[in-house]
Amino acid sequence: MTPDLAAMSDDPARPSAPRRRPALPAPLGRACAAVAPWLALLALWYAVRYSGLVKASLVPTPSDVLGTLWHLIAAKGLLFDAWESTMRVLAGLASGIVLAIPVGFVLGWYRGLGRFLDPLVNFFRALPPIALIPLVIVYFGIGEVAKVAILFYAAFFAGVIVMYEGIRQTSPLYVRVARTLGATDAEIFLRVIVPLALPHVLTALRVALGVTWATLVAAELVAAQRGLGAVIQNASNYFQISTIYAGIICIGAIALLMDVAVRAASARLVSWQERVAR
Amino acid sequence: MNSQHRLVFDGVGHAYRDVAREVRVLEDFSLSVADGEFVSIIGPSGCGKTTLLNIVAGFVAPDTGTVTLDGGPLGPPGPDRGMVFQEYGVFPWLTVRDNIAFGLRLRANRRSPAEIKATCDHYLQVMRLEEFADAYPRVLSGGMRQRLALARAYAVRPRFLLMDEPFGALDAQTRTAMQDALLELQAEDAKTVLFVTHSVEEALYLSTRVVAVSARPTRVRRTVDVPFPYPRTGALRRTPEFQALVAELSDLVMAEYAAQQRQLTSGTAR
């Protein structure tokens with residue numbers, strides 16, 4: 001990750017290693033590094049398409065997909081679908097994480113309770129959310145609540161497990177140090193536990209974000225009219241492979257953007273963290 | 001010295017239990033520490049030395065016997081008994097300056113902002129950390145982290161300092177430099193110190209009194225009043241008197257170490 005490299009060379013304890021060959025000017029080099037893997041992917045795509053190994057009708061070219069994408073945006077309101085999906089993801093993510101943070105914290109902090117509930121948490125986390133769809137339809141119907149409920153489930157259990165593991169591995173040393181300096185319980189919570197938990201909150205958010213997007217298509221299978229999952233589902237019914245590709249690319253792009261945003265927030269909020277082989 | 005102004009261990013015993021067995025770490029341990037003393041406790045690892053510090057800090061209540069401070073009970077952990085750990089325990093999310101200020105900003109020792117700044121500046125300078133005042137601890141070496149931990153502990157002006165092998169993780173040269181840094185802090189603002197170490201030389205170099213303890217369960221085996229005046233410098237280590245004391249105490253510590261090893265091997269054989 002390029003921002004990390006930049007941060008490390010500023011680090012007085014770890015002088016940067018001598019460069020073996022002259023590198024491109026930094027901004028240009030970074031831009032190339034960011035674009036290169038995508039170009040490689042496109043090249044591979046074209047190669048598979050024209051290799052003759054697959055039926056041409058089953059693999060559209062990148063330019064076909066780009067055309068379809070444009071058509072979907074201009075004529076079919078794809079941006080509205082993207083908006084609908086993003087809002088569902090955010091609703092599921094926000095509700096799931098808001099609950100996962102305190103629950104994960106309590107499970108990690110109170111060891112006994114954590115040990116007691118650990119098997120249950122792992123059971124529910126291991127259940128694929130998609131397997132719950134029939135039950136969700138029974139209990140919540142097929143409206144918006146049902147879709148957000150599935151995303152909530154996915155975000156909550158992904159977040160809870162990260163938070164729980166993170167807090168459980170927190171060294172009790174810092175709490176003891178704070179006590180011998182005279183900290184009260186409230187001061188220990190605010191000045192020691194909150195800063196120690198923050199990196200785990202951000203990791204939980206990041207993991208939950210990934211899982212929630214992954215569950216989106218499943219959630220929108222619950223009779224969604226609009227949304228990227230619905231676009232893909234409908235296209236699949238009519239064998240519009242190009243549209244399926246376009247929908248998948250949209251989901252990937254939005255999920256990636258949100259991930260980048262969370263990572264940027266982490267870099268600012270927990271810049272104090274030791275960087276151990278990332 | 002007035003016997004009221006003392007930390008007194010009287011017949012202290014303690015054991016750790018888990019499902020399978022009970023390990024007695026302290027038995028009938030008695031010791032009296034007067035204000036201003038620097039007492040080192042040396043003995044084999046795995047004996048009850050750390051438990052002694054945890055009892056004084058207020059983290060552990062002894063099973064039997066009493067520990068009193070000025071004739072009264074010790075009470076819960078507080079800023080009058082500072083502790084320095086082998087693993088430094090510097091807060092990684094705070095800058096060097098904010099680490100030193102941490103204790104000063106707590107309600108228990110609330111100081112004015114001007115006083116906090118003055119105290120931080122002072123310890124940054126004494127511990128030679130000025131250059132890193134606004135850096136996060138991740139850029140500090142082990143020795144610098146421990147200097148920071150010492151500065152943070154001294155800054156709240158505790159009456160006691162409890163040090164649990166504070167220099168145990170450092171290389172030999174850094175360790176020697178840290179011992180001198182600690183003597184410097186003590187010369188400026190003497191605390192009553194309980195210092196746990198494996199190193200006979202370190203104990204003799206720093207302390208007014210050295211207490212050699214036995215293998216588990218820990219009792220006092222021998223107490224040595226260290227005859228060398230302060231200020232002490234590296235030259236002291238090379239005097240025959242110092243080296244004779246080191247040799248004498250080392251033999252005792254080695255004998256207890258061997259006893260502890262025999263205990264451990266017979267323990268696993270059972």
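The model is predicted. Chain B has seven helices and 10 strands. Its strands include an open sheet of four with antiparallel pairing and an open sheet of six with mixed pairing.

**Overall dimensions of chain B**

- The radius of gyration of chain B is 19 Å, close to the 18 Å given by the globule rule for 270 residues, so chain B is as compact as a globular protein of that length.
- The C-alpha trace of chain B spans about 55 × 45 × 45 Å along its principal axes.

**The four-stranded sheet of chain B**

- The strand order of this open sheet is β2-β1-β4-β5 (chain B), and the pairing is antiparallel.
- Its edge strands are β2 (22–34) and β5 (72–73) of chain B, each of which pairs on one side only.
- Strand β1 (residues 6–17) of chain B pairs with β2(B) in the antiparallel sense over nine bridges; within β2(B), B:R24 stands opposite B:A15.
- β1(B) is also joined to β4(B) by five bridges, the two strands running antiparallel; B:L7 has B:L69 in β4(B) as its bridge partner.
- Two bridges pair β4(B) with β5(B) in the antiparallel sense, and B:T68 has B:P73 of β5(B) as its bridge partner.
- The hairpin of β4(B) and β5(B) has two residues between the strands, and B:D70 in this hairpin takes a positive phi near 55°.

**The six-stranded sheet of chain B**

- The six strands form an open sheet in the order β6-β7-β8-β3-β9-β10 (chain B), with mixed pairing.
- At the edges stand β6 and β10 (220–225) of chain B; each has a single partner strand, so one side of each is left without a neighbour in the sheet.
- From one strand to the next, the twist averages 15°.
- Strand β3 (residues 38–42) of chain B and strand β9 (residues 209–213) of chain B pair in the parallel sense over four bridges; B:V39 has B:R209 in β9(B) as its bridge partner.

**Helix α1 of chain B and the two sheets**

- Helix α1 (residues 49–57) of chain B lies across β1, β2 and β4 (64–69) of chain B, and runs at about 120° to β1(B).
- α1(B) also lies across β3, β6, β7 (160–164), β8 (192–197) and β9 of chain B, running at about 150° to β7(B).

**Helix packing in chain B**

- The axes of helix α4 (residues 142–155) of chain B and helix α5 (residues 172–188) of chain B come within 10 Å and cross at roughly 15°.
- α4(B) and α5(B) are therefore roughly parallel to each other, and their crossing is right-handed.
- α4(B) contributes B:G142, B:G143, B:Q146, B:R147, B:L150 and B:Y154 to the contact, while α5(B) contributes B:T174, B:A177, B:M178, B:A181, B:L182 and B:L185.
- By class, this contact of α4(B) with α5(B) comprises seven nonpolar, four polar and one charged residues.

**Helix packing in chain A**

- The axes of helix α7 (residues 144–168) of chain A and helix α9 (residues 185–220) of chain A come within 7 Å and cross at roughly 150°, which makes α7(A) roughly antiparallel to α9(A).
- The crossing of α7(A) and α9(A) is right-handed, and their contact has 17 nonpolar, six polar and two charged residues.
- Helix α6 (residues 133–140) of chain A and α7(A) have axes that come within 9 Å and cross at roughly 135°; the two helices are therefore oblique to each other.
- The crossing of α6(A) and α7(A) is likewise right-handed.
- In this contact, A:I133, A:V136, A:I137 and A:F140 of α6(A) meet A:V145, A:A146, A:A149 and A:I150 of α7(A).
- The residues of the contact of α6(A) with α7(A) divide into eight nonpolar, no polar and no charged.

**Contact between chains A and B**

- The contact takes 24 residues from chain B and 18 residues from chain A.
- Strand β6 (residues 81–85) of chain B gives the most to the side of chain B that touches chain A, with four residues.
- The residues on that side of chain B divide into 15 nonpolar, five polar and four charged.

Methods. Residues numbered from 1 in each chain as written. Chains lettered and ligands numbered in written order. Predicted model: local features only at pLDDT ≥ 70, side-chain atom pairs only at ≥ 80, totals over all residues. Axes fitted to C-alpha atoms, helices over the stretch in contact; angles between N-to-C directions. Parallel < 35°, antiparallel > 145°, perpendicular 65-115°, else oblique. Left-handed = near helix turned anticlockwise from the far one by under 90°. Contact = placed C-beta atoms within 7 Å. Nonpolar A, V, L, I, M, F, W, Y, C, P; charged D, E, K, R; others polar. Pairing = 2+ DSSP bridges. Rg over C-alpha atoms; globule rule 2.2 N^0.38 Å.
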